[in-house]
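Subject: A structure for you to look at

Hi,

Here is the structure I said I would pass on.

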Amino acid sequence: MRVLLQAHLDTEKTNELIRSGKMPQAMQEIVGAFKPEASYFTATGGVRTMFVVFDMQDSAQMPPLTEPLFEKFGAEVDYTPVMNADDLQKGLSQLK
């Protein structure tokens, strides 16, 4: 299932990683673990935020993917099932 993960990163924890020079490597490792279809980075609600679109094969993937976000970034995380245009068309074709 295609999933959108939204993670709001704690400012103090990420500031520490940036000052130490460890932020690029930490981000690369965490995002890479998702094997994302797409990933985006911005600020929402005044905090650093990342969006990752990836294929979740099994809900058991949630702990190993999410725990590093909590531990390294003090993140608040949301998962949302999403569709692309092809998925939407497939779903709509099943409506009667």
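In which strand does Phe41 lie? Phe41 lies in strand β2, and I'll come back to that residue below.

A word on where this comes from: it is a predicted model, where local features need pLDDT of at least 70 and side-chain atom pairs count only at pLDDT 80 or more, while totals for chains, interfaces and linings use all residues. Residues are numbered from 1 along each chain as its sequence is written, and side-chain values use heavy atoms, with hydrogens and water left out.

**The overall picture**

The chain has four helices and four strands. Both kinds are DSSP runs numbered from the N terminus: helices are H or I with at least four residues, strands are E with at least two. The C-alpha trace spans about 55 × 30 × 20 Å along its principal axes.

Of the 96 residues, 27% count as buried. Here buried means under 20% relative accessible area, exposed means over 50%, and partly exposed is in between, with a 1.4 Å probe and protein chains only. The chain exposes about 6300 Å², and 55% of that is supplied by carbon and sulfur atoms; the areas come from the Shrake-Rupley method with a 1.4 Å probe, and for residues only the protein chains shown count as cover. As for contacts (heavy atoms within 4.5 Å), take those between residues at least 6 apart in sequence: 67% of them join residues at least 24 apart.

**The sheet**

Strands of a sheet pair through backbone hydrogen bonds, either parallel or antiparallel. In this model, four strands form an open sheet in the order β2-β3-β1-β4, with antiparallel pairing. Two strands count as paired if DSSP finds at least two bridges between them. β2 (38–44) and β4 stand at the edges with a single partner strand each, so one side of each has no neighbour in the sheet. On average, neighbouring strands are turned by 20 degrees against each other, direction ignored.

Now for the pairs. Strand β1 (residues 2–8) pairs with strand β3 (residues 47–55) over seven bridges, in the antiparallel sense. Within that pair, Leu5 stands opposite Val52 and Leu4 stands opposite Val53. β1 also pairs with strand β4 (residues 76–81), antiparallel over six bridges, and there Val3 has Pro81 as its bridge partner.

β2 and β3 run antiparallel and are joined by seven bridges, with Phe41 standing opposite Met50 in β3. Phe41 is partly exposed, at a relative accessible area of 45%. Leaving out residues up to four places away in sequence, Phe41 touches Met27, Val31, Thr49 and Met50. The hairpin of β2 and β3 has two residues between the strands, and Gly45 takes a positive phi near 60 degrees there.

**The helices**

Helix α2 (residues 23–34) lies across β1, β2 and β3, at about 30 degrees to β3. Angles run from 0 to 180 degrees between N-to-C directions, and axes are lines fitted to C-alpha atoms, for helices over the stretch in contact.

In the loop between α2 and β2 sits Lys35. Most residues other than glycine have a negative phi. Lys35, however, has a positive phi near 50 degrees, and at 70% relative accessibility this lysine counts as exposed.

Helix α1 (residues 11–20) and helix α3 (residues 62–73) pack at about 80 degrees, with their axes 8 Å apart. That makes α1 roughly perpendicular to α3, a label that covers 65 to 115 degrees (under 35 is roughly parallel, over 145 roughly antiparallel and the rest oblique). Lys13, Thr14 and Leu17 in α1 meet Phe70, Glu71, Lys72 and Phe73 in α3.

Finally, find Thr66 in helix α3. At 6% relative accessibility, Thr66 counts as buried, and Thr66 touches Val77 and Tyr79, not counting residues up to four places away in sequence.

Enjoy exploring!
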